[in-house]
Amino acid sequence: MSRRVSRNSLAVPLLAGLLAVLAVACSGSEHSTAQHCPADGPICRTSSPPPSPSATASATVGGATDRPSPSPTPSPTARLTPAKKPTPAGKPTPPTATRSAPATPVARTKCDSPGDCGFPDADSTGPRIALKPKKTGAWAIRTDGLVIRGQDITGSLDIYANNVTVIDTRITSDNWWGINLRPGYSGLKVLHSTVTAVPGKGPDNGGVDYAVSNMGGSPIEVGWCDVSVFGDALSMGQGNLHDNYVHDIVPFVNLGGEWQHTNTVISGGGNTGHLVIRHNTLLNPNSLKQGASGSIGLFADTGVVRNVTVDDNWIAGGAYALYGGSTGATGIRVTGNVFSTEYHPGSGGYGVVAHWNAGGAGNVWRDNRMSDGRPVEPEPTS
């Protein structure tokens with residue numbers, strides 16, 4: 001601090017002592033709880049940030065084991081801090097810019113990019129350990145409780161088993177899907193993994209559809225994953241989708257000669273369980289002429305849409321950024337989301353939300369904003 005004291009003042013010792021106390025209280029220490037600072041002193045921190053829990057797995061790299069590791073439970077208030085991703089062998093480690101955690105939560109009223117505003121990006125998703133290459137082709141999994149960890153898989157996983165865990169793994173598919181849970185099976189977890197595809201190599205004229213598909217009758221978990229390319233990336237009526245980065249969806253013309261519709265998350269309705277979409281970055285960059293449908297598509301294709309939570313996501317792109325379930329939809333809660341204008345001024349090409357059933361029982365729309373801070377409300381239903 002720079003307050004000046006007269007050399008002739010008799011209060012020099014007292015002021016020196018006071019200045020020393022204030023210097024400690026206002027030094028910016030993580031442990032400081034100072035309540036008062038002089039106007040020309042350093043900025044005071046009123047509280048220190050809470051420590052981030054760890055979600056580090058401990059199994060052998062490159063193996064498949066028969067005992068799954070328990071997955072961390074996501075929390076809307078505590079964000080997991082992933083370990084630093086390994087650099088592939090033979091490649092120099094690039095310099096990285098570090099961001100210091102703020103002492104208080106990031107203000108969500110205005111955001112410039114997902115990562116800078118606390119949402120998932122390439123640095124906070126995907127495998128946390130070195131991977132071992134493995135060519136599997138279309139791999140049918142029939143072992144209950146199998147854990148697939150530390151593998152760089154060229155192929156796809158077709159799961160006919162219960163309680164399978166895919167963790168710290170990369171899937172590069174040329175099939176209809178990256179990971180597909182078949183009807184009659186349950187308990188799938190896909191965590192800290194990358195799921196992508198090879199454009200032009202899949203079926204249906206080179207297109208690919210589902211990064212993770214839940215055809216089973218119970219929820220699955222997909223968390224801290226980096227997902228790209230697939231036209232309908234995360235496809236399910238029930239599950240827990242959290243802390244994922246879905247981006248770079250690739251458009252394609254199907255065998256019928258039409259642009260295939262694309263969505264980062266899609267649900268066809270008719271579900272009996274709960275679909276939770278929380279704290280994800282969901283980007284559909286495709287143009288309207290190339291089949292962009294939604295960023296989140298809650299469609300009543302196979303039945304009534306019910307029991308869906310869309311909370312604290314960064315959402316951008318599509319014809320509409322969110323399709324809200326349409327007539328008959330109930331229990332749809334859309335809260336605390338940021339609708340980004342990075343592709344369209346209205347987040348989606350035609351706007352933020354369509355087919356929102358404002359009168360549906362349990363439907364809630366609250367605290368949703370554009371990335372420039374403007375509040376968002378659905379248009380009245382006609």
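I began with the lining of the second largest pocket, to which strands S7 (177-181), S10 (210-214), S13 (232-235) and S16 (262-267) each supply at least two residues. Strands here are DSSP runs (E, at least two residues), numbered from the N terminus.

I noted that the model is predicted, with local features needing pLDDT of at least 70, side-chain atom pairs pLDDT 80 or more, and totals for chains, interfaces and linings using all residues. Residues are numbered from 1 along each chain as its sequence is written, and side-chain values use heavy atoms, with hydrogens and water left out.

I looked up the aromatic pairs and found seven in the whole structure. Rings of Phe, Tyr and Trp (its six-membered ring) pair if their centres lie within 6.5 Å; planes under 30 degrees apart are stacked, over 60 edge-to-face and the rest tilted. Tyrosine 160 sits in the loop between strand S4 (151-159) and strand S5 (165-167), and tyrosine 185 in the loop between S7 and strand S8 (189-191), so the pair ties together parts 25 residues apart in sequence.

I then checked tyrosine 320 and tyrosine 323: their ring centres are 5.7 Å apart and their planes at 80 degrees, so this pair is edge-to-face. Tyrosine 320 is partly exposed at 23% relative accessible area, whereas tyrosine 323 is buried at 12%. Buried means under 20% relative accessible area, exposed over 50%, and partly exposed in between (1.4 Å probe, protein chains only). Ring pairs link Phe299, Tyr320, Tyr323 and Tyr350 into a cluster.

Note on methods: Helix = DSSP H or I, 4+ residues; strand = E, 2+ residues; numbered from the N terminus.
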